[in-house]
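Please look through the structure shown here before reading on.

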Amino acid sequence: TWESLSALLEKPAKPFVAVIGGAKVSDKIKTIEKMLVLVDTLLIGGAMAYPFLKAKGVTVGTSLCSDEDVALAKHLLAADKGGKIQLPKDHVTSLEFGGAPC
């Protein structure tokens with residue numbers, strides 16, 4: 001319910017960890033910015049992680065990463081002074097879907 005969500009965001013138990021994923025950073029930019037203020041740790045996974053990884057110089061193969069999403073990810077990483085954003089450390093990239101790992 002809305003009341004439960006409001007209570008969670010107003011007085012969260014610590015540590016407050018959130019998980020977010022999806023395909024496009026641009027669709028969730030406002031949510032991510034808000035979460036960085038509220039949470040102790042923000043876990044970013046799924047396809048959303050790739051623009052962040054690419055922004056950090058990690059090879060992402062042909063994973064979907066628009067230039068806009070990579071730029072937004074760079075902005076968010078630069079704004080993350082407390083190191084709250086956590087990205088996958090165990091992913092595999094390939095030059096083509098189903099191809100050999102790079």
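Val17 lies in strand S1 of this predicted model. With a relative accessible area of 41%, Val17 counts as partly exposed, because that class covers values between 20% and 50%. Leaving aside residues up to four places away in sequence, Val17 touches Thr41 and Leu43. Its C-alpha atom is separated by 5.9 Å from that of Leu42, a residue 25 positions away along the chain.

The strand that holds Val17 belongs to an open sheet of three strands, ordered S1-S2-S3 and paired in parallel. Strand S1 (17-20) and strand S3 (85-86) are the edge strands, each pairing on one side only. Strands of a sheet pair through backbone hydrogen bonds, in either a parallel or an antiparallel sense. Here strand S2, residues 41-44, pairs with S3 in the parallel sense over two bridges. Leu43 has Gln86 as its bridge partner in S3. Helix H2, residues 25-38, packs on the sheet and touches S1, S2 and S3. The direction of H2 makes about 165° with that of S1.

Next comes the nonpolar core. In soluble globular proteins, nonpolar side chains tend to be buried together. The largest nonpolar core of this model has 24 residues. Which residues have the most contacts inside it? They are Ile32, Leu42, Ile44, Met48, Phe52, Leu76 and Ile85. At least two residues of this core are supplied by each of S1, H2, S2, helix H3 (49-55) and helix H4 (67-79).

The loop between H4 and S3 contains Gly82. Is Gly82 buried or exposed? Gly82 is exposed, because its relative accessible area of 64% lies over the 50% cut-off. Gly82 and Leu36 are 46 residues apart in sequence, and their C-alpha atoms are 9.1 Å apart in space.

Confidence remains to be considered. The mean pLDDT of the protein chain is 87, and 98% of its residues reach 70 or more. Confidence is highest in S3, at a mean of 97, and S3 is one of the edge strands. Helix H1, residues 2-10, has the lowest confidence, with a mean of 77.

Note on methods. Residues are numbered from 1 along each chain as its sequence is written. This is a predicted model: local features need pLDDT of at least 70, side-chain atom pairs count only at pLDDT 80 or more; totals for chains, interfaces and linings use all residues. Side-chain values use heavy atoms; hydrogens and water are left out. Two strands pair if DSSP finds at least two bridges between them. Helices (H or I, at least four residues) and strands (E, at least two) are DSSP runs, numbered from the N terminus. Contact means heavy atoms within 4.5 Å. Axes are lines fitted to C-alpha atoms, for helices over the stretch in contact, and angles run from 0 to 180 degrees between N-to-C directions. pLDDT is the predictor's confidence in each residue, from 0 to 100. A nonpolar core is a set of buried Ala, Val, Leu, Ile, Met, Phe, Trp, Tyr and Cys residues joined through side-chain atoms within 4.5 Å. Buried means under 20% relative accessible area, exposed over 50%, partly exposed in between (1.4 Å probe, protein chains only).
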